Amino acid sequence: MKFSDCHSVEDFRKLAKRRLPAPVFHYIDGAADDEITKQRNSAAFADCDLVPNVLVDTSDIDMRVTVMGREIAMPLMLSPTALQRLFHWQGERAVAAVAERFNTWFGISSLATVSIEEIGCITTPKLFQFYVHRDRDLNVSMIERCKAAKFDAIALTVDVAVSGNRERCLRSGFTSPPRFTPASALSYAAHPAWVANYLFREKFSLPNLSTHVDEGTNVALSVADYFNTMLEPSLDWTMAEAIRKSWGGQFALKGIMSVADARRAVNIGATAIYVSNHGGRQLDGSRSPFDQIAEIADAVGGQVDIICDGGVRRGSHVLKALAAGATACSGGRLYLYALAAAGEAGVQRIVGKLRDEIERDMKLMGVRSVAELDRSMLRYR
């Protein structure tokens, strides 16, 4: 498969698998336990049909939505994900550049491979995914750096009380930074371009953490070990509200899956919730985000922005989520495969493809604005 043959997220997934060492690919592609929830995240959209209307003048299509106080050009956001320079040497810089071109939200993780300050320079709406660490000084530092860099929002990750059981990572021995072992040596050796970029370009680091901790930058740890030893296990609603007050701006909770928690998010003053199961990487056997959108929208719609985060692979998936009650959709793997396969050019191509799908599918649905999408256009199998 060549770059020119990539027309979908799945196409880029296949190309990424060829171009990445196995431990790195399986970190992106893998999930928890039997990976049932990861599969369900996308499969859930297939259990719902769109019902189009016809003979509508769709010569002008309006895809704009407002999320966390910022208007964006399309209802698809690029989720924050960790360790991006392991997938391609351009990393978060490539994704940020594409987000700017498409005028949509871009987020970086606490475990990003570029600094808060560098991403603060981009003009598109920017979000910081905040993992609460046991090191309180580190927590304070990250919030203050986001304020100084004029980030538009913080998303507090709330679904990592303990790491999910990511068995692919256990088998491959994946760590940050990568640890080259006898078991993985052959896979790395088979990808000399990746190895050359990793060894001879900018030194790998996690600059938003390395001011306070060595783990992940200088000390190799698995993601599971990092979550289990470095993150704050006592995070609760009281702490979440305190973080919101300390931040003082647009504030999202990432990892909300129940109506009860959506209501609690509203009560502590959150301005958005990511309906998300962490890409199926935490609790296997949980519901898909799309399956939860309607009941959460019925409970808190209009009080908080609702972002459907997980399993989005097509423009039609975005339309289904918005019709069910979401404000917008967001995804990580959908651009990570493309980043791994072809850097900035790959991300540009897949985001452009998805944007075109959203526009084309709106015309085929007979809707001129995303505001016209509603549940009368959905039928569940």
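A polar contact is a pair of N or O atoms within 3.5 Å; within protein, one must be able to donate a hydrogen and the other to accept it, and residues adjacent in sequence count only if both atoms are side-chain atoms. Keep that in mind as we look around this predicted model, where local features need pLDDT of at least 70, side-chain atom pairs count only at pLDDT 80 or more, and totals for chains, interfaces and linings use all residues. Residues are numbered from 1 along each chain as its sequence is written, and side-chain values use heavy atoms, leaving out hydrogens and water.

Let's start at D29, which sits in helix α2 (residues 22-29); helices here are DSSP runs of H or I with at least four residues, and strands are runs of E with at least two, numbered from the N terminus. D29 is buried, at a relative accessible area of 0%, where buried means under 20% with a 1.4 Å probe and protein chains only. Its side chain has a polar contact with the side chain of R168, at 2.8 Å, and another with that of Y337, at 2.5 Å.

Last stop: α6 passes α11 in a right-handed crossing, meaning the near helix is turned clockwise from the far one by less than a right angle. Touching there (heavy atoms within 4.5 Å) are I143, C146 and K147 of α6 and I243, S246 and W247 of α11.

Key:
Buried means under 20% relative accessible area, exposed over 50%, partly exposed in between (1.4 Å probe, protein chains only).
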